[in-house]
Amino acid sequence: MSELSAAALSYLIAFADDEHMIGARHTSWIGMGPFLEEDLAFCSIAQDELGHAIALYELVVDSFGSSSELVTPIDHFALLRPAADYRSCSLAEAACDDWQDALVRHWLYDRAEELRWAALADSSNPALAAIALRSEREEVFHRAHAESFMSRIASSGNASSIALITDSIQRLLPLGDGLWDPPDAEADAIAEGFVTESSASMASKWKQDIAQDIQKWNLPVGLEIQIYLNEAAPSASSFGDRLQRSEGFDQFLTSLQAVISLDPEAEW
Amino acid sequence: MKTYEVFLKKAGKDEFRHAGALDAPDDEMARLLARESYVRRGEGAQMWLVARSAIIEGEEEFLSPNFDKPHRHNDGSNIAARRKRKRSETEGFEA
């Protein structure tokens with residue numbers, strides 16, 4: 001049970017909320033995957049992301065210490081905060097109701113996760129560094145999974161499938177900027193060694209990774225996407241992305257609360 | 001889609017055992033998906049995947065002539081029955 005600085009807490013909450021939202025969104029595909037094996041694989045990835053969220057939330061609530069009177073503070077913290085207190089980014093919150101959107105978001109998000117865990121692997125907080133190492137071992141599979149589908153669709157020769165994922169990329173990629181909206185006081189978190197790389201620096205690496213994938217798969221993205229990927233700095237529109245909830249968030253949060261709100265004090 | 005048979009081996013001296021089957025579009029996807037379908041909880045330390053089309057089968061019709069050969073089954077029941085009979089004969093009462 002270690003006390004964390006305000007900067008460290010804000011950094012953890014932003015990442016944990018991203019993992020929580022993406023995990024919860026991914027799980028909405030349970031039973032609807034294109035075939036049974038893929039259904040299982042994608043839901044397993046979703047559960048991995050929820051596992052990451054739990055590990056990060058644990059650090060947060062541990063830091064709050066025993067002052068909390070809640071029976072299960074981690075569930076309460078994860079599910080019962082007011083919507084305005086969440087710090088997830090738009091890309092993690094987006095519904096992605098079409099399978100191609102869910103796939104493209106999975107690829108974009110997990111490309112970013114690789115960089116984000118790497119920036120925590122040498123954290124001055126040993127518990128966080130251990131979580132980062134374990135999570136990255138799982139992420140290797142997540143990326144292989146996303147890559148497998150993206151590369152196969154891209155090389156399928158099926159024009160309508162290629163058009164679907166290209167269209168998804170063009171709609172979702174600009175949302176990805178919000179991933180790199182820095183949590184409050186990120187500079188302090190870097191100064192204390194809690195995290196070793198800034199969001200701005202990771203953003204430019206992420207764009208390079210995404211651009212390389214698109215080139216490798218020979219996907220016909222539009223000029224504006226190519227220009228966007230060539231700009232090192234995140235666009236101004238991403239600023240404050242984590243401070244505002246995206247459209248449909250309230251409804252989504254209510255659905256996540258459906259069980260816990262039956263009896264918030266129940267011990268499960 | 002191709003069908004693959006999945007075999008898992010636990011760490012140690014256990015042999016590979018059949019775990020089930022799965023469908024996948026190609027070998028690499030089969031590897032990825034089998035991992036999530038069959039080894040999510042560390043059920044095996046090693047995995048073999050075999051395309052079902054590569055399996056050489058001995059089907060039931062081919063094997064069935066060997067079903068009906070009781071003389072090849074030595075489960076001891078004949079001897080046990082004979083002993084029992086002899087015992088009841090010498091001891092003078094019926095079992």
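The side chains of Arg143(A) and Glu114(A) meet in a salt bridge, with 3.5 Å from N to O (a side-chain nitrogen of Lys or Arg within 4 Å of a carboxyl oxygen of Asp or Glu). This pair links distant parts of the chain: Arg143(A) sits in helix α6 of chain A and Glu114(A) in helix α5 (residues 99–118) of chain A, 29 residues apart. Helices (H or I, at least four residues) and strands (E, at least two) are DSSP runs, numbered from the N terminus. The model is predicted: local features need pLDDT of at least 70, side-chain atom pairs count only at pLDDT 80 or more, and totals for chains, interfaces and linings use all residues. Residues are numbered from 1 along each chain as its sequence is written, chains are lettered from A in the order in which they are written, and side-chain values use heavy atoms, with hydrogens and water left out.

**Interface of chains A and B**

- Contact (heavy atoms within 4.5 Å) brings together 13 residues of chain A and 13 residues of chain B.
- The two chains bury about 1,200 Å² between them, and carbon and sulfur atoms give 64% of that area; buried area is the accessible area (1.4 Å probe) that two parts lose on being put together, summed over both.
- On the chain A side, Glu37(A), Phe141(A) and Arg152(A) lose the most area to chain B, together 46% of what that side buries.
- One salt bridge is counted between chain A and chain B: Arg152(A) pairs with Asp26(B), and their closest N and O atoms are 2.6 Å apart.
- Four residue pairs (both at pLDDT 80 or more) are in polar contact across the interface, a polar contact being a pair of N or O atoms within 3.5 Å; within protein, one must be able to donate a hydrogen and the other to accept it, and residues adjacent in sequence count only if both atoms are side-chain atoms.
- Helices α2 (36–64) and α6 (126–154) of chain A each supply at least two residues of the side that touches chain B.
- That side of chain A divides into six nonpolar, four polar and three charged residues; Ala, Val, Leu, Ile, Met, Phe, Trp, Tyr, Cys and Pro count as nonpolar, Asp, Glu, Lys and Arg as charged, and the others, Gly among them, as polar.

**Largest pocket**

- The largest pocket holds about 400 Å³ of space; on a 1 Å grid over the protein atoms alone, a pocket is an open set of points with protein on both sides within 12 Å along at least five of seven lines, whereas a cavity is a set where a 1.4 Å probe fits but cannot get out, and lining residues have an atom within 4 Å of a point.
- Its lining has 17 residues, of which Arg35(B), Glu36(B), Val39(B), Arg40(B) and Gly42(B) lie nearest the centre.
- Helix α6(A) gives the largest share of this lining, four residues.
- By class, the pocket lining has five nonpolar, four polar and eight charged residues.

**Largest cavity**

- The whole structure has three cavities of 30 Å³ or more, and the largest cavity holds about 70 Å³ of space.
- Residues lining the largest cavity include Tyr11(A), Phe15(A), Arg116(A), Trp180(A) and Arg242(A).
- Helix α1(A) provides the largest share of that lining, three residues.

Key
Points joined across faces, edges and corners; volume = space filled by probe spheres on them.
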